[in-house]
Amino acid sequence: MTAVTDEYMEQMLAKTKEYHIVLLKPGPRAEDHPDIKKLIWEHGRRNFSLRADGVLSIVCPITAETGVSGIGIFNGSAEQTKNVMDGDPAVQAGVFVYEIHPCRSFPGDSLP
């Protein structure tokens, strides 16, 4: 494992930036909405657009039955993130509900 000094940690921590993690969960209509497939498809299309616009930095659909449907890391304030999520068609239809959690990370981090 790479050795990390206190000085390096202090330098790196000073470079962190605020992001907002969204935990997406099944909503009250997740099992019975008649247009669920279409809504989830449009939710996905919207995520692609948000990624292309730099608003949604990382999106991770959850592929197991865990009670969480997905995780997203948003590059904006809590209010901006709430506005984005409130405009999601699947959220509006009750297929999904969400929680917003502030976090900090390093700009430029990415998945391998």
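1. With a relative accessibility of 1%, D88 counts as buried; buried means under 20% relative accessible area, exposed over 50%, and partly exposed in between, with a 1.4 Å probe and protein chains only. This is a predicted model, in which local features need pLDDT of at least 70 and side-chain atom pairs count only at pLDDT 80 or more, while totals for chains, interfaces and linings use all residues. Residues are numbered from 1 along each chain as its sequence is written, and side-chain values use heavy atoms, with hydrogens and water left out.

2. D88 forms a salt bridge with R46, the closest N and O atoms being 3.9 Å apart; a salt bridge is a side-chain nitrogen of Lys or Arg within 4 Å of a carboxyl oxygen of Asp or Glu. R46 lies in helix α2 and D88 in the loop between α3 (78–86) and α4 (89–92), so the pair ties together parts that are 42 residues apart in sequence. Helices (H or I, at least four residues) and strands (E, at least two) are DSSP runs, numbered from the N terminus. R46 is partly exposed, at 22%.

3. The structure holds five salt bridges. Another one of them joins the side chains of K25 and E99 (2.8 Å, N to O). This pair links distant parts of the chain, with K25 in strand β1 and E99 in strand β4 (residues 96–105), 74 residues apart. K25 is partly exposed at 25% relative accessibility, and E99 is partly exposed at 30%.

4. The largest pocket has a volume of about 580 Å³. On a 1 Å grid over the protein atoms alone, a pocket is an open set of points where a 1.4 Å probe fits, with protein on both sides within 12 Å along at least five of seven lines; lining residues have an atom within 4 Å of a point. A volume is the space filled by probe spheres set on the points. The lining has 31 residues, of which L24, P61, S69, G70 and F96 lie nearest the centre. Helix α2 gives the most to this lining, with seven residues.

5. The second largest pocket has a volume of about 180 Å³. Among its lining residues are K17, Y19, S57 and I58. The elements that give two or more residues to this lining are β1 and β2.

6. M9 lies in helix α1 (residues 6–13) and is partly exposed, with a relative accessible area of 42%.
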